[in-house]
Amino acid sequence: MTDENRRLRATCDIDARKRHEQQVVGLRDELATILHALPDPVFELDMDGRCLSYYARSEDLLTTSPSIFLGKTVREVLALDEAESVLQALHEARDTGRSVGRQFKIEGEHGPQWFEMSVAPKPSIADETPRFIVLSRKITARKQAEQVLRERESLLRAVVDNIPAEFWARDLEGRCIMENAATVAHWGSLLGSRIDDARVSPEAHADWLASNQRAYAGETVRKEFASDIDGERRVFQCIVAPIRVGGEIVGICGFNQDITERKRHEEQIHQLAFFDPLTRLPNRRLMLDRLEHALIGSARRHQEGALLLIDLDHFKDLNDTHGHEAGDELLMKVAARLRLCIRQGDTAARLGGDEFVVVLEDIDGVVEGLVQANAIAGKIRDELNRPFHLMRGGGGEAITYHCSASIGITLFGSQDISASELLRRADTAMYQAKAAGRNALCFFDPAMQAAATERAALHADLHRALRDSQFELHYQVQVDETRRPIGAEALLRWRHPARGLIFPGSFIGLAEETGLIVPIGTWVLRTACLQLAAWAARPETAHLRLAVNVSARQFRQAGFTDQLRELIVLTGAPASRLELELTESTLIEDAEAVVERMEELRALGIRFSLDDFGTGYSSLAYLKRLPLSQLKVDQSFVRDVMSDANDATIVETILGLGGSLGLSVIAEGVESEDQFAFLAARGCREHQGYLFGRPMGLRDFEALLAVHHA
């Protein structure tokens, strides 16, 4: 080899070495950059777990001084269990040649500290003993967060499993991701199932899908549905709502609550309150409500209608001769025949005793109305004239009974007339039929309207009463279960200059019809607020509340809320002591506006009581929507609570319903100690009636309060 060749070869060897050195430097710099970027410390350990070296961007990441661990084995530094875990990871990394992860805990001065490590075998040179690169990260905060999350999940599970309703949740794909025990008991496990797999009837499937789709779109859906459980039809109230995280919908959830018993109670109250238990016909309350609707409908459609009052002739003789069981059987069979005689859409009702009512609607014209009403009444009379086969004494010897009826008829539709006035006209006509020899039909004679003249005079007197301040408030005490006065109901009285003290039953109906109820009601509210302000100024009466009846017509006045707000400000009356008593007639029309107005007044502190609860037609439909504080049991139920099982059941049901809805319940018309004891034993805490005090003037009422205060 020539000298020139040797020189060229040496030059090439130096170039290769330089390139290698540059690569090593590059790798070293790259490694240094990587190490510097790591947020966690890096350790080098040998097979015995001895720390040979370490690297940390900042020694603050080490959590302890390097002198504690540098050159020492893990058995010298860590507790036995943690040390063994690290050594096992070293052996596993050596044996598999792969990275191995472990978590371990160290008890520190400030409680347990958690660490996560990753162990990787370091490439060895020749016979060099195995070494390992260990990355260590402190994960105490993450462990604490996971523990909090587990605790919250456990709490959520405990809540979900113990709520008295079915619960489920679905993800965005429609898969069920959570359910509680109640859901599993009813439907079986739904976990993993999709919405299309819903175990509902085919007719309910489309509605079920629509409800879920509305929830996925961001709407909260409330509805009721029925389902069979163990062969029994159950009713559920369902809520389906979106699940949002950070404003984004991530799924939906649902609650199904079994409301079968509540529905049964509502139906029971409805049946007891509105239907005659013997004949299953509508009772007087429901009949009057339907008659009111018929009057409104006839006026709107310009159609005639007719009211028939049917009284069975000599019914008392049947009871006296063959017993009340035979009389009850006759009433039931009369009801069945009445149903067959009327058209669909007409109403047959039992007024009471042996009196029945039929309301005929949509009869064309006055003349045609007379003809049609006469024909239907004749059909009823003929049907009742057919023999009835009854059992003497309710189960003994069979008897054949021949019945007859006197029927009074009056038309409506062409005149502005109230239901009560129409009923009086039919009653007059019915007595004319009896006077004509019974088993007869008789139409009302318009010439016998002496009441019309009296009503006109009464209307003029009402105007004078407002002008001359003839009205006054009387107060009937309301007490708690210890008979301590807690307030009063303000009751309107009219001090007529010629007729003396007149009770509202004689003029309120006319005031409602003529619109005078609005200025009269305004006077009542102003007087009541002034009295509340006066009581509030005295320590011994400051706790008293005052209940005031508000008519539907007055409550619907556009400026009612502003008017009442001004009265409270001007008089200084404490709004929280004022309680407005509303009847269900207030709720029949425009329920949304009524609820909105009640919310406005409740914002002022005013409380609401639903008066005469159980006697109306619509209360249960609106009850759950109204911001009420109290239900008032009508005195018609309290009066016979000791002798009439139906009334007792109604009272008990209302008390239970009030308690379940978080409403207080006050019973009016309490007149005896037996009634008071019955009500108190069933949880009634507030009472009103003659047993505690009659309605009285202010002076007498405050004297009554003074006696209790003393």
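1. Aromatic pairs come first. Rings of Phe, Tyr and Trp (its six-membered ring) pair if their centres lie within 6.5 Å; planes under 30 degrees apart count as stacked, over 60 as edge-to-face and the rest as tilted. On this rule, Phe471, Trp494, Phe507 and Trp523 make up one aromatic cluster.

2. Basis of the note. This is a predicted model, in which local features need pLDDT of at least 70 and side-chain atom pairs count only at pLDDT 80 or more, while totals for chains, interfaces and linings use all residues. Residues are numbered from 1 along each chain as its sequence is written, and side-chain values use heavy atoms, with hydrogens and water left out.

3. Aromatic count and the Phe471 pair. The whole structure holds 11 aromatic pairs. In one of them, the ring centres of Phe471 and Trp523 are 6.3 Å apart and the planes stand at 45°, so the pair is tilted. Phe471 belongs to strand β18 and Trp523 to helix α15 (residues 517-536), so the contact ties together parts that are 52 residues apart in sequence. Helices (H or I, at least four residues) and strands (E, at least two) are DSSP runs, numbered from the N terminus. Phe471 is buried, at 7% relative accessible area. Trp523 is partly exposed, at 22%. The cut-offs are under 20% relative accessible area for buried and over 50% for exposed, with partly exposed in between (1.4 Å probe, protein chains only).

4. A second tilted pair. The rings of Tyr475 and Phe701 have centres 5.7 Å apart and planes at 35°, so this pair too counts as tilted. It links distant parts of the chain: Tyr475 sits in strand β18 and Phe701 in helix α23 (residues 698-709), 226 residues apart. Tyr475 is buried, with a relative accessible area of 3%. Phe701 is buried at 0%.

5. Charges over rings. The rule here asks for NZ of Lys or CZ of Arg within 6 Å of the ring centre and within 35 degrees of the ring normal. Arg170 meets it over the face of Trp168, at 5.6 Å from the ring centre. The charged end of Arg694 lies over the ring of Tyr690, 3.9 Å from its centre.

6. Salt bridges, overall. A salt bridge is a side-chain nitrogen of Lys or Arg within 4 Å of a carboxyl oxygen of Asp or Glu. The count comes to 41. One of them joins the side chains of Glu219 and Arg214, with N to O at 2.6 Å. Glu219 is partly exposed, at 34% relative accessible area. Arg214 is partly exposed as well, at 38%.

7. Glu472 with Arg495. The closest N and O atoms of this salt bridge are 2.8 Å apart. The pair links distant parts of the chain, with Glu472 in strand β18 (residues 471-480) and Arg495 in strand β19 (residues 485-496), 23 residues apart. Glu472 is partly exposed at 22% relative accessible area. Arg495 is partly exposed at 42%.

8. Glu579 with Arg607. Here the closest N and O atoms of the salt bridge are 2.9 Å apart. Glu579 lies in strand β22 (residues 578-582) and Arg607 in strand β23 (residues 607-613), so named distant parts of the chain, 28 residues apart, are linked. Is Glu579 buried or exposed? Glu579 is buried, with a relative accessible area of 0%. Arg607 is partly exposed, at 25%.

9. Two strands pair if DSSP finds at least two bridges between them. Strand β9 (residues 232-245) and strand β10 (residues 248-258) run antiparallel and are joined by 10 bridges. Gln237 has Gln257 in β10 as its bridge partner. The hairpin has 2 residues between the strands, and Gly246 takes a positive phi near 60°.

10. Cysteines. A disulfide is a pair of cysteine sulfur atoms within 2.5 Å. The search of the whole structure finds 0 of them. Cys341 is buried, at 6% relative accessibility. Cys403 is also buried, at 4% relative accessible area.

11. Ala552. This residue lies in helix α16 (residues 552-555). Ala552 counts as buried, at 10% relative accessibility.
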